[in-house]
Amino acid sequence: MSMIEVVCNDRLGRKIRVKCNSDDTIGDLKKLIAAQCGTRPEKIRLQKWYTIYKDHITLEDYEIHDGMGLELYYQ
């Protein structure tokens with residue numbers, strides 16, 4: 001298990017950097033992002049290109065690694 005930093009960019013030009021573990025789920029990551037940007041985790045959608053990440057799957061399984069950028073959408 002290793003600590004990684006994920007960078008999330010929203011469409012307003014805001015960059016949110018989050019430190020997490022590679023065995024955290026996308027749901028865990030959303031909670032960390034929500035805490036930083038003051039919104040609720042359910043309101044966040046994370047994706048990369050056309051892949052929308054599902055809450056119950058780990059970052060490792062999605063091959064999300066240190067320094068990787070994800071797209072952050074508010075819904």
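**Exercise 1. Work out which residues have the most contacts inside the largest nonpolar core, and which elements supply that core.**

The largest nonpolar core has 19 residues, and those with the most contacts inside it are Val6, Leu29, Ile33, Leu46, Ile64 and Leu70. A nonpolar core here is a set of buried Ala, Val, Leu, Ile, Met, Phe, Trp, Tyr and Cys residues joined through side-chain atoms within 4.5 Å, where buried means under 20% relative accessible area, exposed over 50% and partly exposed in between, with a 1.4 Å probe and protein chains only. Next, the elements giving two or more residues to this core are β1, β2, α1, β3 and β5, and the largest share, five residues, comes from α1. Helices (H or I, at least four residues) and strands (E, at least two) are DSSP runs, numbered from the N terminus.

The model is predicted, with local features needing pLDDT of at least 70 and side-chain atom pairs counting only at pLDDT 80 or more, while totals for chains, interfaces and linings use all residues. Residues are numbered from 1 along each chain as its sequence is written, and side-chain values use heavy atoms, with hydrogens and water left out.

**Exercise 2. Describe how the buried residues of α1 are arranged, and find what they pack against.**

Begin with the list: Ile26, Gly27, Leu29, Lys30, Ile33, Ala34 and Cys37 are the buried residues of α1. Seen down the axis of α1, these residues fall within an arc of 150°, taken from the directions from the helix axis to the C-beta atoms, so they line one face of the helix. On the other side of α1, Lys31 and Ala35 are exposed. The buried residues pack against β1 (3-10), β2 (15-21), β3 (44-48) and β5 (69-74), contact meaning heavy atoms within 4.5 Å. Finally, just after α1, Gly38 takes a positive phi of about 70°.

**Exercise 3. Locate Thr58, decide whether Thr58 is buried or exposed, and list its contacts.**

Thr58 lies in the loop between β4 (51-52) and β5. Because its relative accessibility is 17%, Thr58 counts as buried. If residues up to four places away in sequence are not counted, Thr58 touches Ser22, Asp23, Asp24 and Thr25.
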